[in-house]
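Subject: Handing over the structure

Hi,

Here is the structure I promised to pass on to you. Please have a look at it first, and then read on for what turned up in it.

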Amino acid sequence: MTPHKSHKKSPFSRKGGAAPTAEAFDMAFQDKPRVGTVVSVTGSHALVMLDEDTPDSDRSSRPQLGAIMSVDAGSSIVLGLVSAMTNPAPSLDPAVAEMRIIEIELIGEFTKPTINAPARFRRGVSAYPTLGDNVHVATRDELTALFAVNGAASVRVGVVKQDASIPATVNVDEIFSRHCAVLGTTGAGKSCAVALLLRAVLQRFPHAHIVILDPHNEYSKSFGDGAVVFDPTSFNLPYWMLTFDELVEVLYPGRSRDSEEIEILADLLPAAKRMNMGGSGRASRLRTDGTAVTVDTPIPYRISELLGLIDKALGGLDSGRTGAPYKRLRSRIYAISQDARYSFMFGGLTVQDTLKDMLSELFRIPVDGQPVSVIELGGLPAEVVQVVVSVVSRLAFEFGLWSNGAAPIALVVEDAHRYAPANPEDGFGPTRRSLVRIAKEGRKTGVALWIASQRPTELDPTVLSQCNTIFAMRLANQADQDALRAAVPDASTSLLSCLPSLGLGEAIAVGEGVPMPTRIRFDALPAEAVPRSLTACFTDGWSVEIEDNSFIDRIVEQWRAQRMLTPDFE
């Protein structure tokens with residue numbers, strides 16, 4: 001009989017055969033070319049003295065900054081990242097052997113297989129390397145096994161920078177249940193990264209519920225027919241759904257709470273809500289004496305009835321009290337309700353309880369083939385954008401709370417530093433509190449928070465610290481790098497030194513959603529799915545003369561209407 005040829009297989013491959021034995025695992029490890037030996041171990045760091053290069057050694061087999069190395073530690077294979085490289089005593093004489101040292105940060109380990117258990121990767125190190133242990137550049141098989149540990153719960157988002165043939169995967173449960181952050185300077189590709197990540201998840205899980213707060217109107221085409229886009233003409237946020245703080249922010253942006261008009265509004269608002277409770281089935285759930293109605297109770301009421309209460313109170317004033325605050329409050333409420341910019345909030349001719357329909361449409365329940373809601377904030381008044389973000393995030397959390405997480409929701413917040421600033425005195429308090437609440441408690445209620453920001457130093461540290469998976473793209477500002485270092489595990493900080501030199505579409509991925517900290521390159525998005533960039537091209541604009549006599553007329557018309565009435569100018 002012809003002898004059967006044996007084919008060498010990876011020690012991590014179990015397909016079609018039994019798990020490799022510990023002896024086979026050791027033999028596979030010994031077959032790898034050694035690059036050096038351990039000469040020092042201190043905590044989570046180890047120093048490795050490199051062997052002298054051989055003439056036939058190629059560049060791919062040499063350790064590089066950020067490369068993943070493997071060390072045989074007896075009961076396990078320890079993996080580490082190259083964090084520093086040095087030649088402490090360089091010599092100009094080629095005949096003199098030089099001492100070359102690399103420093104590696106110990107990140108995790110592969111347990112060696114046994115009869116009852118295959119090789120598995122786990123974070124942390126249980127068996128530290130000892131002096132003299134052999135060090136190798138992690139092989140393709142090891143890296144492939146490392147990034148395949150998530151199994152069916154993972155999706156591909158790119159490739160590993162160390163070896164472009166190895167797909168970079170993320171664990172879907174981890175990046176949503178423990179929140180996620182995409183950070184990077186303007187132009188580094190944050191929006192493309194967010195769109196790519198979400199598209200990859202939706203391909204595997206088409207019944208997701210995702211809400212994107214889009215301040216730059218970039219994502220309208222990124223998901224094709226799978227997204228419902230809400231712009232100022234289609235978005236409807238009834239004023240009665242606002243809390244008292246949110247309503248005050250709309251009427252008096254930045255105004256202190258101790259003004260007379262705000263005190264009057266607090267007194268009359270519950271009465272206006274109680275006036276609209278009669279004859280409604282939904283009101284039967286409230287106490288009939290009306291004491292359950294507060295300034296924050298989401299009960300529909302009419303602006304005309306609120307204005308009537310102000311007029312009644314004004315007419316009942318005695319001669320010793322001035323009616324100026326009542327008149328100013330009435331004038332302000334009437335002016336805002338008639339302003340075209342606020343038509344999405346005050347434009348309804350009738351007042352109906354549309355909370356059920358709004359939740360269904362906003363959170364895509366049922367999905368009906370469109371799992372994404374894109375709320376375009378770019379066309380809304382600047383003073384009301386904070387209120388919209390506050391309401392949407394508050395509704396998401398309350399929905400998750402009262403549904404017991406039965407329909408998990410992901411809230412994606414672009415330019416998150418605007419809404420949850422590091423300085424508590426900045427921004428709008430209710431918005432910041434809503435996002436911080438989701439960051440702290442969203443995991444328990446099935447509400448995920450994704451944030452994208454180019455200024456980590458201006459972002460609330462509580463929100464950033466709760467994002468257990470971070471994709472850090474190019475960041476040149478030293479303060480932003482320091483803020484990011486404070487939010488990631490110590491064992492990952494060495495990779496962050498590469499942040500200023502990252503290319504377009506590259507990121508340092510750290511946290512629970514990835515097997516181990518590594519540098520990845522995101523896959524390319526289809527041309528039709530790339531988020532629309534709003535960066536103006538000066539050279540194109542200054543290369544031609546505008547000869548259209550109606551150009552200014554159209555601009556003024558849109559300016560006064562506070563919305564885009566014509567297609568984008570070319």
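Let me start with Arg 364, which counts as buried at 8% relative accessibility (buried is under 20% relative accessible area, exposed is over 50% and partly exposed is in between, with a 1.4 Å probe and protein chains only). Before going further, please keep in mind that this is a predicted model, in which local features need pLDDT of at least 70 and side-chain atom pairs count only at pLDDT 80 or more, while totals for chains, interfaces and linings use all residues. Residues are numbered from 1 along each chain as its sequence is written, and side-chain values use heavy atoms, with hydrogens and water left out.

Now the overall picture. The chain has 17 helices and 18 strands; these are DSSP runs numbered from the N terminus, with helices being H or I of at least four residues and strands being E of at least two. Of the 570 residues in the chain, 46% are buried. Take the contacts between residues at least 6 apart in sequence: 69% of them join residues at least 24 apart (contact means heavy atoms within 4.5 Å).

Back to the backbone around Arg 364. This residue sits in the loop between α10 and β13, and its phi is near 55°, a positive value in a residue other than glycine. The loop between α10 (355-362) and β13 (372-376) is also the place of Pro 366. A cis peptide bond, with omega about 0°, joins Ile 365 to Pro 366. Asn 217 is not a glycine either, yet has a positive phi of about 55°. You will find Asn 217 in the loop between β11 (210-214) and β12 (227-230), where it counts as buried at 15% relative accessibility.

Next, the aromatic rings. Rings of Phe, Tyr and Trp (its six-membered ring) pair if their centres lie within 6.5 Å; planes under 30 degrees apart count as stacked, over 60 as edge-to-face and the rest as tilted. By this rule there are 8 aromatic pairs. Phe 176 and Trp 450 are stacked, because their ring centres are 4.9 Å apart and their planes lie at 25°. Phe 176 belongs to helix α3 (residues 172-177) and Trp 450 to strand β15 (residues 447-453), so this pair ties together parts that are 274 residues apart in sequence. Both Phe 176 and Trp 450 are buried. Tyr 239 and Tyr 301 make an edge-to-face pair, at 5.2 Å centre to centre and 80° between the planes. Since Tyr 239 is in the loop between β12 and α5 and Tyr 301 in the loop between α6 (260-275) and α7, the pair ties together parts 62 residues apart in sequence. Tyr 239 and Tyr 301 are both buried. Ring pairs also link Phe 230, Phe 235 and Phe 344 into a cluster.

On a 1 Å grid over the protein atoms alone, a cavity is a set of points where a 1.4 Å probe fits but cannot get out, and lining residues have an atom within 4 Å of a point. The whole structure has 1 cavity of 30 Å³ or more, and the space in the largest cavity is about 50 Å³, where points are joined across faces, edges and corners and the volume is what probe spheres set on them fill. Its lining includes Tyr 239, Tyr 301, Ile 333 and Phe 346. Both α5 (244-251) and α7 (303-315) supply at least two lining residues. The lining has 8 nonpolar residues, no polar and no charged ones (Ala, Val, Leu, Ile, Met, Phe, Trp, Tyr, Cys and Pro count as nonpolar, Asp, Glu, Lys and Arg as charged, and the others, Gly among them, as polar).

Met 241 also lies in the loop between β12 and α5 and, at 3% relative accessibility, is buried. Its C-alpha is 5.1 Å from that of Pro 298, although the two are 57 residues apart in sequence.

Finally, how many disulfides does the search find? The count is 0, a disulfide being a pair of cysteine sulfur atoms within 2.5 Å. The sulfur of Cys 467 has its closest cysteine sulfur in Cys 180, at 7.0 Å, which is too far for a bond.

Best wishes

Technical notes:
1 Å grid on protein atoms, 1.4 Å probe; cavity = no way out; pocket = protein on both sides within 12 Å on 5 of 7 lines; lining within 4 Å.
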